[in-house]
Amino acid sequence: MKLSLTSGPASLGALDVPLLVLALGAGDGLDAAMTPLDTTLGGALSRSIERRDFRGGRDETLHMVGNTSGPARVMLLGLGKPTDRTSALRRAGALAARQASRMGSGELSFYAGALTTTEAEALAVGLAAGAWEYTDTKTPPPVDERRAPLARATIHGADIAAVELGVVSGSAIAEGHALARTLGMMPGNLCTPEFLAVTARDIGERHGLRVTVLGRPEMEALKMGSLLCVAQGTSEDPKLIALEYTGGAKDAAPVVLVGKGLCFDSGGISIKPAQGMEWMKFDMCGAAGVLGAMESIARLGLKVNVVGLIGSTTNMPSDTAFKPGDVVQSMSGKFIEIINTDAEGRLVLADVLSYASRYKPAAVIDAATLTGSCVIALGHSASGILGNNAALVQEVLGAGTRAGEPGWELPMWDDYKELIKSDVADIRNSGGRPAGTISAALFLAEFAGDFPWVHMDIAGTAYSESELTTIPRGPTGVPVGTFVEFVRGRAG
Ligand code: BES
Ligand code: MN
Ligand code: ZN
């Protein structure tokens with residue numbers, strides 16, 4: 001169920017809500033707005049803090065039953081000693097919403113003292129993220145065993161106008177996150193290239209974006225031999241999807257967001273081990289991020305021209321599949337020797353990056369679950385960031401930080417180019433295991449025309465194989481926040 005977010009005043013004592021969440025930092029006492037509530041609760045709040053039952057540590061929670069009037073339940077939630085209150089609130093929001101969903105309160109109110117618009121926005125994004133769940137392919141439990149999903153949340157603050165602004169923009173960003181996560185979670189037999197195209201058309205219709213979808217014949221006409229070789233092993237029609245949002249001046253150069261949309265990556269003839277192969281349905285999280293970001297950008301009405309580009313197919317072994325040793329010619333004219341059919345993402349992106357040139361972009365950012373090496377290098381806490389323009393790299397890193405989606409730059413030194421030299425072609429598609437994320441990015445760089453370009457390797461950050469405090473196993477919403485924050489930064 002979709003979470004509906006609203007703003008409310010900082011008067012808590014008589015709030016008649018099923019659950020009130022009070023967020024406090026480490027060592028914080030009650031503030032003036034909490035005192036009347038403490039009275040309603042017979043001093044339970046102040047006693048809990050005095051006794052140090054609740055200390056405000058990060059992720060710490062203390063549940064209390066309310067009195068006969070006022071909130072039915074109260075939850076104290078710790079923010080820890082945040083260096084960055086915005087990200088602490090985003091996290092707290094997600095945690096609160098997850099607790100509320102488990103409880104079945106259906107609704108919650110959240111109070112964390114004074115909030116700026118930025119803080120309220122982060123809190124709204126967090127609350128919506130915590131309330132998100134994927135239930136489309138599950139039979140619901142019997143009616144008497146169901147718990148109410150979290151449907152409504154109110155963010156309370158003294159400056160209600162500031163909070164309201166944050167709630168509005170936070171809701172827009174949350175929509176994009178939710179869309180990206182739902183697409184990511186969808187099984188590969190349902191979330192196909194065709195389904196991504198249908199989703200793009202739906203976004204286009206709702207927000208007045210121009211949407212173009214190319215299939216196999218159109219890509220053949222454009223000589224996209226690099227993308228098409230990956231699609232050779234499947235009867236499914238590959239799709240190149242373009243969404244054009246014109247929020248800026250008519251002739252202003254657009255920001256182009258590119259996403260890898262492998263609806264399933266079996267590895268092809270260089271097939272992956274069976275163990276864990278099901279996770280490769282998430283190999284379209286870059287594409288999902290582009291769709292989610294376009295949804296949010298349109299809702300926010302950002303005054304920038306933005307093009308979303310998706311290269312989508314499924315990497316399968318078959319008698320028609322491409323194979324190691326093959327040489328293909330990309331749209332750019334460059335010949336590519338296939339060493340490993342499992343290094344397919346860069347082949348898809350190569351032609352999409354060539355296609356991006358037609359927009360004369362101000363900047364191009366691609367997001368792709370591109371290399372297992374990136375997970376080895378940076379784990380699940382940071383995306384790999386590489387690019388051909390130092391200023392743009394910093395801009396993307398900054399956007400990621402603001403969105404709570406950290407990135408870390410890896411070098412693109414010429415020395416590493418040795419890894420992808422070919423005996424028979426201009427370049428080869430795999431440089432082996434050492435510096436795998438870097439050689440993949442250097443491969444892409446050969447196809448990123450003369451525009452500023454940044455690549456985000458989101459293999460470790462777009463989804464989680466383990467349950468996290470704030471999100472269940474599955475997609476995280478990365479890179480929606482980074483994309484939206486980047487474009488918002490360009491809107492000035
Ligand atoms: N989609 C995978 C990368 C991946 C691996 C994403 C694990 C998320 C988790 C990509 O297509 C791939 O298979 N890359 C290969 C490249 C290699 C053959 C050069 C890899 O990382 O092993
Ligand atoms: Mn692969
Ligand atoms: Zn892949």
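The model is predicted, so local features need pLDDT of at least 70 and side-chain atom pairs pLDDT 80 or more, while totals for chains, interfaces and linings use all residues. Residues are numbered from 1 along each chain as its sequence is written, and side-chain values use heavy atoms, without hydrogens and water.

**Stop 1: the manganese ion**

Select ligand 2, the manganese ion. Its protein donors are Asp-265 (OD), Asp-342 (O), Asp-342 (OD) and Glu-344 (OE), at 2.0 to 2.2 Å. Donors here are N, O and S atoms within 2.8 Å of the metal (3.2 Å for Na, K and Ca); water is not among the atoms, so sites may look incomplete. Along the chain, the donors follow the spacing D-x76-D-x1-E.

Colour by accessibility next. Buried means under 20% relative accessible area, exposed over 50%, and partly exposed in between (1.4 Å probe, protein chains only). Glu-344 is buried at 0%. Asp-342 is partly exposed at 21%.

**Stop 2: Glu-405**

Go to the loop between helix H12 (390–403) and strand S15 (407–409); Glu-405 lies there. Helices (H or I, at least four residues) and strands (E, at least two) are DSSP runs, numbered from the N terminus. Glu-405 is buried yet has no salt bridge. A salt bridge is a side-chain nitrogen of Lys or Arg within 4 Å of a carboxyl oxygen of Asp or Glu. The nearest side chain of opposite charge is Arg-90, 7.7 Å away; Lys and Arg count as positive, Asp and Glu as negative, and His and the chain ends are not counted. Show Gly-481: its backbone nitrogen lies 3.0 Å from a polar atom of the Glu-405 side chain.

**Stop 3: Arg-346**

Arg-346 sits in helix H10 (residues 345–356). Arg-346 is also buried without a salt bridge, and Glu-344, the nearest side chain of opposite charge, is 7.3 Å away. Select Asn-429: its backbone oxygen lies 2.8 Å from a polar atom of the Arg-346 side chain.

**Stop 4: salt bridges**

The count is 26 salt bridges. Start with Arg-206 and Glu-295, whose closest N and O atoms are 2.7 Å apart. Arg-206 lies in helix H6 (residues 193–207) and Glu-295 in helix H9 (residues 285–300), so the pair ties together parts 89 residues apart in sequence. Now select Lys-2, Glu-175, Asp-202, Arg-206, Glu-295 and Arg-299: salt bridges that share partners join them into one network.

Conventions
Chains lettered and ligands numbered in written order. Polar contact = N/O pair within 3.5 Å; in protein donor to acceptor, adjacent residues only side chain to side chain.
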